[in-house]
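Here's a quick tour of a protein model for anyone new to reading structures. Have a look at the picture first, then work through the points below.

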Amino acid sequence: MGQDILSLCRRIQRIYADIDRETSRVRRITGLICPPGCGSCCRSRKVESTPLELLPMVHHLVNIHAADEIIAQIDGAEIRGDLQCVLFRPELDDSMAGCCSQYAHRPVLCRMFGFGARLNKFGDIQPHVCRVMHESQPEALERLIALGGEKKVPLYRSYFFRVASLKPDIGFKPLPINRALKLALNYYYWKKPKRFGIRLAS
Ligand code: SF4
Ligand code: SF4
């Protein structure tokens, strides 16, 4: 059982490597870049993920003995009614700036936002337009939009489905990110109870 979850994590990570290659290509071609220190998208209360997408991160958190701390942070955020991702670390002197404390393990939407595209209701490709990039790099954004017309922008839903199909029962329903992280922790502990103890998030 333990081996199953580890091989699942590795398969998810391989898809993440594909996403990273594609978004790097978009960066290279368009010149789009996230301004240093920008944490605007992480401050959104609307970031979603599936529990499945967060399993590699949970595996890492358990390995570095940080899972209990994260569960406590999620519990605290729930009590406060705060939907901001608990993994975001704001700058001390600027709460709008900051970084992801688990950047290498972030889920699909976080990897693709600003550099990918979605299909609109007519089936046309529409690049995700990041407001910060729109204001700071309008020319680079135009190049991204032009790429979208040639179908060379990575599609969010393609990668979402590639990950989701690996384990549909926990892969197809996006949830607010803190909730998804808590469920991913539960799932991980449930699959590996002997080695990692039995503290379950409620
Ligand atoms: S995607 Fe946009 S909002 Fe998010 S870090 Fe990059 S520039 Fe900032
Ligand atoms: S997982 Fe990381 S990149 Fe995604 S919203 Fe949270 S802090 Fe931001």
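This is a predicted model: local features need pLDDT of at least 70, side-chain atom pairs count only at pLDDT 80 or more; totals for chains, interfaces and linings use all residues.

A residue counts as buried if 20 or more other C-beta atoms lie within 10 Å of its own, as exposed if 12 or fewer do, and as partly exposed in between, with C-beta atoms placed from the backbone. As for labels, residues are numbered from 1 along each chain as its sequence is written, and chains are lettered from A and ligands numbered from 1 in the order in which they are written.

**The whole protein**

- You'll find ten helices and six strands here; helices (H or I, at least four residues) and strands (E, at least two) are DSSP runs, numbered from the N terminus.
- The radius of gyration is 17 Å, close to the 17 Å that the globule rule gives for 202 residues, so the protein is as compact as a globular protein of that length. That radius is taken over C-alpha atoms, and the globule rule is 2.2 Å times the number of residues to the power 0.38.
- Along its principal axes, the C-alpha trace spans about 55 × 40 × 30 Å.
- Of the 202 residues, 33% are buried.
- Take the contacts between residues at least 6 apart in sequence: 75% of them join residues at least 24 apart. Two residues are in contact if their C-beta atoms, placed from the backbone, lie within 7 Å.

- Helix α3 covers residues 67-80, and its 14 residues reach 20 Å from first C-alpha to last, close to the 20 Å expected at 1.5 Å a residue. The expected span of a helix is 1.5 Å times one less than its number of residues.
- Which residues of α3 are buried? They are A67, I70, I71 and I74. They cover an arc of only 100° around the axis, which puts them on the same side of α3. The arc is that of the directions from the helix axis to the C-beta atoms.
- On the other side of α3, E69, A72, G76, I79 and R80 are exposed.
- What do the buried residues of α3 pack against? Their partners are α2 (55-63) and α9 (177-191).
- H65 sits in the loop between α2 and α3. H65 has a positive phi of about 60° although it is not a glycine, and it is exposed, with 9 other C-beta atoms within 10 Å.
- Just after α3 comes G81, with a positive phi of about 70°.

- In helix α7 (residues 156-164), the buried residues are Y159, F160, V163 and A164. Seen down the axis, they fall within an arc of 135°, so they line one face of the helix.
- I19 belongs to helix α1 (residues 2-30) and is buried, with 20 other C-beta atoms within 10 Å. Leaving aside neighbours within four places in sequence, I19 is in contact with V108, R111, M112, P154 and Y159.

**The two ligands**

- Ligand 1 has C34, P35, C38, S40, C41, F113, G114, C130, V132 and M133 around it. A residue is near a molecule or strand if its C-beta atom, placed from the backbone, lies within 6 Å of it.
- By class, that shell has eight nonpolar, two polar and no charged residues. Ala, Val, Leu, Ile, Met, Phe, Trp, Tyr, Cys and Pro count as nonpolar, Asp, Glu, Lys and Arg as charged, and the others, Gly among them, as polar.
- M133 lies in helix α5 (residues 131-136). Setting aside neighbours within four places in sequence, M133 is in contact with L32, G114 and L141.
- Ligand 2 is surrounded by C42, V47, C85, L87, F88, C100, Q102, R106, C110 and I177. The shell around ligand 2 has eight nonpolar, one polar and one charged residues.
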